[in-house]
Amino acid sequence: MTYVKAEIASQPECWRQAAKLADAPGLPRRGERVAVVGCGTSWFMAKAYAALREQEGHGETDAFQASEFPRRRRYDRVLAITRSGTTTEVLDLLNDLAGGTPTTVITADEAQPAARIADQSIVLDFADEESVVQTRFATSTLALLRAHLGEDIESVAADGEVAVRLPLPVHPALAEQITFLGRGWTVGLAEEAALKCREAAAFWAEAYPAMDYRHGPIAIAAPRRAVWAFGEVPTDLADEVEATGALFVHSRHYGGYAALGSWCGGRAPLDPMADLVVAQRVAVLLATSQGLDPDHPRNLTRSVVLK
């Protein structure tokens, strides 16, 4: 078994453990104006959390790639997400903010520079990974932040336990391309799902806000291609996708996965974060079916450290 397969399967228990840190010092207080930063996968988790925090009335929240943070803008707190704690762009920003804006870092390794530079750190070492491709650290970070917002992570973890066993809705022999869609906080999850397919399998995958999909991207929908939606689905979108001959995939309110109207499982809808687990599993299958090593994708390292 690859490392990443085991790490994907371990996510529900990691989420439960992360939720126990929901009262950790340094997490944004209600009413604070907050910026959340990261790179790659961490940026997508930042986007998901920022949308959730505003949606649930906890305060204005922006998400940025660490390299694109607007340094003239003022925030009550900057929250940085970095698994390795060594990512150059994150360290540069934390150093720039030192002594000014309060900073908190969520990381997997307290011995690395990010934890030392930030004012406060929250360490999810139990969710660290051997695989270069991130799965459980990212989702455990989001579980922690959702728990801090008052969400019930036990029910999410229960859905995750279903997600690691479900039959996969997309098979490599039947799909040459996947477009992932989301709305609100699940836009970040859709972007992360697409990144997993590109990273692990060098597979053609894209991601868009669901309402924007019909404003151009639907042009690539066709037979042997799939459109996978997280969360709420705009009216008539499934019918429009299926009219192109593409496969439409969604975890619906009356259970299971939908693929061209065929149902399996008869289960209640999955939490979108658990749905991401299914997408991670598909990404690994896409890799291994081509003889690729999803633990060590080409051109990638665990952390981007620039000279």
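Helices α2 and α6 cross in a right-handed sense (the near helix is turned clockwise from the far one by less than a right angle). This is a predicted model, where local features need pLDDT of at least 70, side-chain atom pairs count only at pLDDT 80 or more, and totals for chains, interfaces and linings use all residues. Residues are numbered from 1 along each chain as its sequence is written, and side-chain values use heavy atoms, leaving out hydrogens and water.

Let's stay with the helices, which are DSSP runs of H or I with at least four residues, while strands are runs of E with at least two. The axes of α2 (residues 11-19) and α6 (residues 136-148) lie 8 Å apart at an angle of about 40°. The pair is therefore oblique, a class left over once angles under 35 degrees (roughly parallel), over 145 (roughly antiparallel) and 65 to 115 (roughly perpendicular) are taken out. From α2, residues including Cys14 and Trp15 meet α6 residues, among them Ala143 and Leu144, with contact meaning heavy atoms within 4.5 Å.

Now to strand β3 (residues 77-82), with six of its six residues buried, that is, under 20% relative accessible area with a 1.4 Å probe, protein chains only. Arg77, Leu79 and Ile81 point one way, and Val78, Ala80 and Thr82 the other. Its pairings (at least two DSSP bridges each) are these:

| Partner of β3 | Sense | Bridges |
|---|---|---|
| β1 (residues 34-38) | parallel | four bridges |
| β4 (residues 103-107) | parallel | five bridges |

Val34 is bridged to Arg77 in β3, and Thr82 to Thr107 in β4.

Note on methods:
Buried means under 20% relative accessible area, exposed over 50%, partly exposed in between (1.4 Å probe, protein chains only). Axes are lines fitted to C-alpha atoms, for helices over the stretch in contact, and angles run from 0 to 180 degrees between N-to-C directions.
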